[in-house]
Amino acid sequence: MEKKVIINEERCKSCGLCVSVCPKHVLRISDRINSKGYHPAELFDNEGCISCGFCYIICPDMAIQEVRRPEPVKK
Amino acid sequence: MGEKVLMKGAEAIAEAAIRAGCMAFFGYPITPQNETPEYFSRRMPELGRVFLQAESEVASINMVYGAACTGTRVITTSSSPGISLMQEGFSYIANSNVPCVVVNAMRGGPGLGDIAPAQADYFQATKGGGHGDYHSIVLAPHTIQETADLMFDAFDLADKYRIMVVVLVDGLMGQMMEPVEFKEWVDVSKFKTPEWATVGQGDRKERNIITSLEILPEGLEKMNLALQEKYKKIKENEVRLEEYEMDDAEYALTAFGTVARIAKTVVDMARADGIKLGLIRPITVWPFPEKEIAKRAEQVKFFFDVEMNEGQMLEDVKLAVNGKKPVHYYGRLGGVVPTAEEIYGEFKKLLGGKE
Amino acid sequence: MKLIYKKPDAITERDTTYCPGCPHGIAHRLVAELLEEMDLVKKTVIVWPVGCSVFGYYFIATDAVEAAHGRACAMATGIKRVHPESFVMTYQGDGDLASIGIAETVHAAARGERISVVYINNGNYGMTGGQMAPTTLIGQVTTTSPYGRKPELNGFPMHVPEMLAALDGPAYIARAALDSPQHIIQAKKFLKKAFTAQVKNLGFSLVELVSACPTNWKMTPVEAMERIRKEVLPVFPIGEFKVAKGVE
């Protein structure tokens, strides 16, 4: 499935706010290091994400660029 | 045009600015120029233009700064203590390259001082009371008629160079009444918003940012060098002065503003006594007529600078003369206006046994 | 996939100069979203302050000017009076707006200037290293109140929206907070009313956004947001203090 949350890792400053507000705990601080020396946040459980957008709303660096929700499948 | 009106200087300033296309006034009451904001407050709404009494001179100059960023012809007027409050704004305006006009009706200081005329803000106006390496064009008229004429030049120069222009008058010129003939009205319908103005991006390809901030020193140096280039052009092209009876002069008075007017009488008195005295009257005190004074230093025996301060333009005269000839000084302080007889008396003392 | 949220175009590509977790970025995004939604971007002039957001013009893509410290409301007045068709807003911190700029702020409000003020309150002078500000709380330690702010020495924190709401010039005065998604969503609603007050020519508008300063509060971003909830909001409560008719 396409990623529900698009994160621009270069903009992330590892503040941890997105992780703290995610109601489904699908975000975490990764082990990777971006060019600024920060560990960017990552969406590690795409399935569990409910596309609520709280991470986008609280991200102060606009590192969380997009939030998407899968279209309901028509029966 | 062609009609002479008897007008108080403070009001003539306003009327001239309005005819010169001034679209907005922001200011604060201060003696001896209160008639100026009052005049604007009556006339601007009649013409559909902007008048706003601000809460302080600090607010006034920042309102002027904002309006100047839109490329609108804007003015504020004040007197010495109020002009002191505006210095921060002057510095910001200078490094933002936006046009505006500021009138200072100088009064006695320092501090609260008095409300009598003085010339003690020459340093502040020409050497910069605000911080940093900046200049404003400073015009120093000596009659109400000249003030009215120069108001048109002030706005034109401000727009031409995107710079602040100071019109330096004093309480005497503000309060006296004289016949004035105003120039033709400037057609404000021809005014266009400049390409660099911040009014909202609209159809422009790029947005505009007007700031005096540049955090990288090399970048700020570039901004400063650009200002220096501008000032160089102004020095080359905009110097103005009047030389009165200087052709065969053996002695030169130097003076500006009200004192220059009195000095003309002193020249006449000396000439009546057969003394070859002349007057050099800078009209732009920035840019200062250094070349012209340096030239006259070849000709005259000495210079005699007279001002209503402790000796401020005196320093620019001395720099221009560059040691070639003596430069003497006479001044009154605290708002006292010297008489022609008084100045002539001091001049004759200098002649002493020489004549 | 349906797009739920997307970074507004009015936010530039440039990385911000703000500390990790600084809510300035959240406030910038709300402003950018609203300007786009209300089709104001090309009409807008933002007057930026002296403070951490001094470079704000690098991050929100509108015409912009840089004011002297505290003078943004006067500068905005100058612009709006001669160009009433522009959308003119200021973006100021608590030191800028409530200390050095309080006269310009109060008078712009009293005159009912048709400008919109975004007022970021994080209880200290951030850019200069964390000095005490008019909104510093009693007992709060800052670099110029090392023993904690004491009322007998430094008086009490200042409530700007409550003060301005007493004037007749304002059309919309409110306080919101940036500590949680719920509060941020509410903050955007308040900002929209403020912008509407200008668009509909109703009067002066100001929204205080209670914010954090993780660096100078010496906390993690998550702890700083928690401090807003526990310590700051009880002193600076969320609310709408003046809502003129037509602002909804």
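Residues are numbered from 1 along each chain as its sequence is written, and chains are lettered from A and ligands numbered from 1 in the order in which they are written. Because the model is predicted, local features need pLDDT of at least 70 and side-chain atom pairs count only at pLDDT 80 or more, whereas totals for chains, interfaces and linings use all residues.

**Figure 1. Confidence and arrangement of the chains.** The predictor assigns the complex an ipTM of 0.94 and a pTM of 0.94. Two residues are taken to be in contact if their C-beta atoms, placed from the backbone, lie within 7 Å. Of the two pairs of chains in contact, chains B and C share the most contacts. Chain A and chain B have no contact with each other, and their closest C-alpha atoms are 20 Å apart.

**Figure 2. The interface between chain C and chain B.** Here 29 residues of chain C meet 33 residues of chain B. Helices (H or I, at least four residues) and strands (E, at least two) are DSSP runs, numbered from the N terminus. On chain C, the elements that contribute two or more residues to this side are strand S2 (44-48), strand S3 (63-66), helix H2 (72-82) and helix H4 (102-111). H2(C) provides the largest share, eight residues. By class, the side of chain C that touches chain B comprises 15 nonpolar, seven polar and seven charged residues. In this classification Ala, Val, Leu, Ile, Met, Phe, Trp, Tyr, Cys and Pro count as nonpolar, Asp, Glu, Lys and Arg as charged, and the others, Gly among them, as polar.

Figure 3. Two strands pair if DSSP finds at least two bridges between them. Strand S9 (residues 209-210) of chain B pairs with S3(C) in the parallel sense, over two bridges. Within this pairing, B:Ile210 stands opposite C:Val65 of S3(C).

**Figure 4. The interface between chain C and chain A.** This contact involves 27 residues from chain C and 25 residues from chain A. Strand S1 (2-6), helix H1 (24-37), helix H7 (181-199) and helix H9 (221-232) of chain C each supply at least two residues of the side that touches chain A. S1(C) gives the most, with five residues. The side of chain C that touches chain A divides into 16 nonpolar, six polar and five charged residues.

Figure 5. Strand S4 (residues 64-69) of chain A and S1(C) run antiparallel and are joined by four bridges. C:Lys6 in S1(C) is the bridge partner of A:Glu66.

**Figure 6. The two domains of chain B.** Domain bounds come from an automatic or database domain assignment. For chain B, the assignment gives domain 1 (4-200 + 225-237) and domain 2 (243-351). The domain centres, taken over C-alpha atoms, are 27 Å apart. Across the boundary, 27 residues of domain 1 of chain B are in contact with 21 residues of domain 2 of chain B. Helix H6 (122-128), strand S6 (137-139), strand S7 (164-170), helix H8 (171-175) and helix H9 (217-237) of chain B each supply at least two residues of the domain 1 side. The residues of that side divide into 15 nonpolar, eight polar and four charged.

**Figure 7. The fold of chain A.** Chain A contains two helices and four strands, in the sequence pattern β-α-β-β-α-β. The radius of gyration of chain A (taken over C-alpha atoms; the globule rule is 2.2 Å times the number of residues to the power 0.38) is 12 Å, close to the 11 Å that the rule gives for 75 residues, so chain A is as compact as a globular protein of that length. Buried residues (20 or more other C-beta atoms within 10 Å of their own, with C-beta atoms placed from the backbone) make up 41% of the 75 residues in chain A.

**Figure 8. The fold of chain B.** Chain B has 13 helices and 15 strands. Its C-alpha atoms fill a box of roughly 75 × 50 × 40 Å along the principal axes. Of the 355 residues of chain B, 51% count as buried. Among contacts in chain B between residues at least 6 apart in sequence, 79% join residues at least 24 apart.

Note on methods: A residue is buried if 20 or more other C-beta atoms lie within 10 Å of its own, exposed if 12 or fewer, and partly exposed in between; C-beta atoms are placed from the backbone.
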